Amino acid sequence: MLGIGEDRQAEGRPLKELYPDTKLLEVMESGRPQHNVSLQLNGNHILASRIPLMEHGKTAGAITIFRDKTEAIRLAEQLTGTSDMVDTLRAFNHEFMNKLHVILGYLQLGQCRAAMEFIMNTTLVSGQAVVNVTRQIGVPHLSALVIGKMMKAGELGIGFHLTPDSFCGQEYLLMPVDCYVTLVGNLLENAIEELNSRDYPVKEISLGIYCDGKGTMVVCTDTGGGIPEEVRENMFRQGFSTKGRGRGTGMALVRNLADQYHGTVEVETEAGEGTCITVSFQTCSRQGG
């Protein structure tokens with residue numbers, strides 16, 4: 001994993017000589033473990049866990065565990081795409097059944113014209129919106145995720161649109177596809193949950209995804225109630241949530257991805273107006289050490 005040939009002696013040598021990018025010394029200094037950190041070593045996707053060894057309440061050492069996840073991530077990307085497509089189809093089926101019930105009701109009341117107008121005018125997600133998403137986002141797993149979230153938002157009465165200038169091509173990805181799915185999925189889910197939690201006068205989500213040769217930027221905006229200062233200070237901390245026990249993972253994953261791939265997270269929020277979260281990565285973050 002570290003690219004050390006059989007002809008090189010590793011045992012007893014300083015770790016920094018063999019692995020200059022190691023974060024093990026940081027763990028020893030802070031005493032805080034780092035679990036399942038995603039990184040790349042010699043072209044392979046690795047999950048690293050760095051754990052301090054405590055003795056009498058003080059850090060006496062530390063240990064790093066590497067797990068090669070290249071093949072597992074490839075399979076996970078396939079499964080994630082499949083899962084998103086299943087969710088999308090399930091949402092379409094749910095929408096279709098709801099519409100059939102409305103049409104049946106109109107017909108039973110003898111209101112044929114009302115049934116016709118409903119068929120002609122109502123939809124949760126237009127075919128054109130789906131076409132636009134697949135045209136602008138040329139990454140199947142990611143476009144499937146966005147369409148699925150769009151359907152979910154529509155069922156909850158939330159307006160959701162992809163900005164017209166959004167663009168993301170497979171050749172411009174700076175991270176594994178599953179990282180993009182995790183990032184965008186958690187931002188959208190957080191926005192949907194916020195808008196569905198109260199009877200806001202306006203419920204809208206705007207998503208912008210911009211990928212080119214210079215970097216990646218994801219912008220998610222909602223018209224919710226905003227984030228209080230005390231929540232904003234802790235919202236990216238693992239386990240912190242205002243939604244009850246067993247939550248507090250989604251935004252922590254967003255922060256972890258930004259840290260691992262040297263990105264930035266910016267939060268703009270105003271009480272009663274909404275929140276905008278922007279996550280950016282530059283091209284130099286491709287290796288994410």
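Q: Why does Y19 count as buried?
A: The model is predicted, with local features requiring pLDDT of at least 70, side-chain atom pairs counting only at pLDDT 80 or more, and totals for chains, interfaces and linings using all residues. Residues are numbered from 1 along each chain as its sequence is written, and side-chain values use heavy atoms, leaving out hydrogens and water. Y19 has 7% relative accessibility; buried means under 20% relative accessible area, exposed over 50% and partly exposed in between (1.4 Å probe, protein chains only), so Y19 is buried.

Q: Why is F66 called partly exposed?
A: Its relative accessibility is 23%, so F66 falls in the partly exposed class.

Q: What makes the pair of Y19 and F66 edge-to-face?
A: Two aromatic pairs are found in the whole structure. Rings of Phe, Tyr and Trp (its six-membered ring) pair if their centres lie within 6.5 Å; planes under 30 degrees apart count as stacked, over 60 as edge-to-face and the rest as tilted. The ring centres of Y19 and F66 are 5.9 Å apart and the planes stand at 75°, so this pair is edge-to-face.

Q: Why is the pair of F167 and Y172 edge-to-face?
A: With centres 6.2 Å apart and planes at 65°, the rings of F167 and Y172 therefore form an edge-to-face pair. F167, at 40% relative accessibility, counts as partly exposed, and Y172 is partly exposed with 29%.

Q: How do you know that strand β2 and β3 pair?
A: Two strands pair if DSSP finds at least two bridges between them; β2 (residues 44–55) and β3 have ten, in the antiparallel sense. I51 stands opposite I63 in β3.

Methods:
Helix = DSSP H or I, 4+ residues; strand = E, 2+ residues; numbered from the N terminus.
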